[in-house]
Amino acid sequence: MSDVRIGVYVCHCGKNIGGVIDPAKVTEFAGKLPNVVVARDYMYMCSSPGQSLIEEDIKRYGLNRVIVAACSPRMHEPTFQGVLKRTGLNPWLLQMVNIREHVTWVHDDVPQRAEEKAKELVAAAVARAAHLHEITTEKFPVVSSALVIGGGIAGIRASLDLANAGIKVYLVEKKQSIGGKMAQLDKTFPTLDCSQCILTPLMVEVSRHPNISIYAYSEVVDVSGSAGDFKVKVKLKPTYVDWDKCTGCGTCVEKCPGRAPKEFDEGLSNRKAIYFEFAQAVPRRPVIDAEHCLWFTRGICRVCEKVCPVGAIDYSQKERYVELNVGAIVVAIGYELYDLSKIREYGYGKFKNVVSGLQFERISSADGPTKGRILRPSDGKEPKTIGIVLCAGSRDEKHKKYCCRYGCAAALKHVYYIKHSIPDAKVLILYTDIRAFGKGYEEFYQRFRGEEDVFFIRGRPAEIFENKDGSLIFDVYDSNTGQLVNVKADLVVLEGAVEPPKEWESLRRLLKVSCDPGGFALELHPKLRPFETTSDGVFLAGAIQGPKDIPDTVAHAAAAAAAAIGFLSKGYVESVPYLAFVNEDICSGCGLCASVCPYDAITIEEKEGKRVAKVNVINCKGCGTCVATCPSGAMQQNYFTDTQLLSEVVSLAGGVK
Amino acid sequence: MVVLTGGSEVVALEVRLLDSRVLREVKELVRPHSPQHCYQCAKCTSACTATKVIPDYKPHLIVALTRLGLIKNLLDSGIIWACTECWKCSEYCPQDVAPVEVVIALKNLSIAMGYKPPEDLKMMAKNVVELGYISPPIEVLSKEFEMYGRNALALPELVKPYTHEGTINNLKKLLGGVYE
């Protein structure tokens, strides 16, 4: 291979590399390796003069391979590929050697041996570089439309931003109304805005927007295709009401004799068997709950059918499916409350007067079960002593390890509700730490610290017991005063942990998105790319990426929408360079590769009388699973061919003997 | 009772660091539990059976002091022997610290360091060897103020445990010289 002309560039990275090993010695070593025409070291190879150095050498010496021994390719591979591109070389003729993360950062205690390792890695790269070949990528057009999954505040904000940018949006919501958890709240911290007053105008805006189609009471059941051109199958669950005919008058709801616990009130009140999710529902269309409807359970009644003035009731309705074609997907399915009955010592679900924070929101809401008067569930009496337990299930190895990120501020907000409604009530905040981190939160905290009859007790109750009269007694050790306090409370509010919604597990498999230890969606980078995923074209908005309060959710959703807009407005997607490709002469068409491919990118096709594997360029993500599985070596991967890898391994092993 | 925190006494940082060896030993003994993860929510002390009787016994404080290596006062006071080992603290601890494990580790360490165990422990050890139980059977008073013994409950007579010189010696060794 006399035509291989390699340039080796060893970076000092200031003291990061140069402080441990001597880059000049590595350079000197590299200069003597076969095919190496020029070898240089430089303080900061990624800097403008460093890049120019390489650029000039490529021109002067006619280099056709470039090796940069510096940091991780995750850091600067694109930088140096840019250098190659500028000189007209194919960017995949570059080979990075990571002598920072893999050498100097981890072996700084043995500099001499670190230097040897650096040399060996450079020699391996030189051996490999001879086998590098040019790689070209393909471009495919994107469909300028987006799917937003979840119609809470995150989905609403993302939909509006996308739609206002001229993109067609399909908003899929599992419940019959958009609005999500925010619609259930009475007020929002720290400004104490009425939650519905700031949310419902946005809900109406979504429903009226010409670029947004809402699929309520629906679920995403299948996703195929790839970034820029997803095919999405949406299931429209049977509502037993023809929503096109229905005017939302509510006569059916009024006359229905069926009863069931009202989900929107967290089970604290009852609704009818045909019902609106809540008064301000968007779309304002009722749904029949077949589990509680007398017609479906006992074959009697049909009152709703009789009273409906437009004949919209349809008991024979079946689930329907629609196929959508979108370029990008924004996941905004939010969170769910952790099942607090699993914290057995607090008696939630067993003791009526132990309620969750969200139930307390309903108790405090003007449209809630008590019309906004704070009354305890067991006997409807006004509670005079209320305990608020923070971190109920959060920051707990036995339940959810992470912070819920809303509980502290919500507890303070609940103090406001209580003192506003029952001025002589005593409130005990049982906290471990008050984390008032958001804008205006510390001021909000300060406001309640001085409030009369509001006691901040730094401690956590361990066991809550119920008295015959429904009140609750517990001991809590206050570590501020060093006293064990015995409390008799009329009501206990648990600011509970949160977790990803149940449907996330199946949805994330459709979208091929990983999850973090808490089960939430794994972002591409926790700091720099928190709203993108490893699946191209799939973006994250709001609490599905991790617990968030409303301000953070809205900011995150707007960012996700902006990222999706950027992705769609670019107009094309590029295939990955690390594509798998088939040597059709060797391939036996066994199909193992197709069965292991996580992206459905491989099909077995008939070609000239034999079966061969075919890689779909647009679906292949270059994961290499098929390459590792192929029994004959017919499946290879760009930039990681057997020849390239083996030459590297042979060099590292000191040659074949 | 003994003041465990050192009261108003100002502790120099060096004193804390001097005892860091103890923390390493405790950490080793309580594995896989982790005293260093304690965030002092004091849920253990809220639950503690012993605290209600002996207010100076505070599991979260024992973990805090141990974590800092400040165990001299702690062992001098003998407060660790107040633990009834009901394991509620371990059950409720949100950080899987298991304060009872820390206390047990400290008990073992204190014997190893030459601290004298409380008299009751000696009695218990003696009972184990002679009766086969930690405490001898006693008669109890019912809610109706009637005494109940084993006879009244139709329980069989206690059988004297099998004793062997070697077994006793091994037990004595395990109990670290407590049984003398």
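This is a predicted model: local features need pLDDT of at least 70, side-chain atom pairs count only at pLDDT 80 or more; totals for chains, interfaces and linings use all residues.
Helix α5 (residues 59-67) of chain B is mostly covered, with eight of its nine residues buried. Chain A has 657 residues and chain B has 180. The area buried between chain A and chain B is about 1,700 Å².

**Helix α5 of chain B**

- The buried residues of α5(B) are B:Pro59, B:His60, B:Leu61, B:Ile62, B:Val63, B:Ala64, B:Leu65 and B:Thr66.
- After α5(B) comes B:Gly69, which has a positive phi, near 75°.

**Chain B as a whole**

- Chain B contains ten helices and two strands.
- Read from the N terminus, its elements follow the order α-α-α-α-α-α-α-α-α-β-β-α.
- Of the 180 residues of chain B, 38% count as buried.
- Among contacts in chain B with a separation of 6 or more, 66% join residues 24 or more positions apart.
- The mean pLDDT of chain B is 83, and 86% of its residues reach 70 or more.
- Among the elements of chain B, helix α3 (residues 43-47) has the highest mean pLDDT, at 96, whereas helix α1 (residues 13-18) has the lowest, at 57.

**Chain A: overall layout**

- Chain A contains 19 helices and 34 strands.
- Along the principal axes, the C-alpha atoms of chain A fill a box of roughly 90 × 70 × 40 Å.
- The domain assignment divides chain A into domain 1 (6-135), domain 2 (145-334 + 528-569), domain 3 (337-499) and domain 4 (580-638).
- Domain 2 of chain A is assigned two segments, 145-334 and 528-569.
- Between domain 1 of chain A and domain 3 of chain A, the C-alpha centres are 59 Å apart.
- In chain A, 54% of the 657 residues count as buried.
- Residues 24 or more positions apart supply 68% of the chain A contacts that have a separation of 6 or more.

**Nonpolar cores**

- In soluble globular proteins, nonpolar side chains tend to be buried together.
- The largest nonpolar core of this model has 63 residues, and the members that touch the most others are A:Leu147, A:Val232, A:Ile329, A:Val331 and A:Leu511.
- Apart from this core lies another, of 47 residues, which includes A:Ile21, A:Val66, A:Ile99 and A:Val103.
- Leaving aside residues up to four places away in sequence, A:Val232 touches A:Leu147, A:Val220, A:Asp222, A:Val223, A:Val322, A:Glu323, A:Leu324, A:Val326 and A:Ile329.

- A:Ile17 is part of helix α1 (residues 15-18) of chain A.
- The relative accessible area of A:Ile17 is 0%, so the residue is buried.
- With residues up to four places away in sequence not counted, A:Ile17 touches A:Cys11, A:His12, A:Ala70, A:Ile99, A:Arg100 and A:Thr104.
- A:Cys590 stands 573 residues from A:Ile17 in sequence, and the two are 48 Å apart in space, C-alpha to C-alpha.

**Cysteines**

- One disulfide is found over all chains in a search of the whole structure.
- This disulfide joins A:Cys194 and A:Cys197, whose sulfur atoms are 2.2 Å apart.
- The torsion about the S-S bond of A:Cys194 and A:Cys197 is about 80°, so the disulfide is right-handed.
- A:Cys194 has a relative accessible area of 31% and is therefore partly exposed.
- A:Cys71, by contrast, is in no disulfide, and the nearest cysteine sulfur, that of A:Cys13, is 6.2 Å away.
- A:Cys71 is buried, because its relative accessible area is 5%, under the 20% limit.
- B:Cys48 is likewise in no disulfide, with the nearest cysteine sulfur, that of B:Cys86, 6.3 Å away.
- B:Cys48 has a relative accessible area of 9% and is therefore buried.

**The contact between the chains**

- The size of an interface is often given as the accessible area lost when the parts come together.
- Here the area buried between chain A and chain B is about 1,700 Å², of which carbon and sulfur atoms give 49%.
- On the chain A side, A:Lys398, A:Arg460 and A:Tyr477 lose the most area to chain B, together 32% of what that side buries.
- The contact involves 20 residues from chain A and 20 residues from chain B.

Notes. Residues are numbered from 1 along each chain as its sequence is written. Chains are lettered from A and ligands numbered from 1 in the order in which they are written. Side-chain values use heavy atoms; hydrogens and water are left out. A disulfide is a pair of cysteine sulfur atoms within 2.5 Å. Buried means under 20% relative accessible area, exposed over 50%, partly exposed in between (1.4 Å probe, protein chains only). A nonpolar core is a set of buried Ala, Val, Leu, Ile, Met, Phe, Trp, Tyr and Cys residues joined through side-chain atoms within 4.5 Å. Contact means heavy atoms within 4.5 Å. pLDDT is the predictor's confidence in each residue, from 0 to 100. Helices (H or I, at least four residues) and strands (E, at least two) are DSSP runs, numbered from the N terminus. Domain bounds come from an automatic or database domain assignment. Buried area is the accessible area (1.4 Å probe) that two parts lose on being put together, summed over both.
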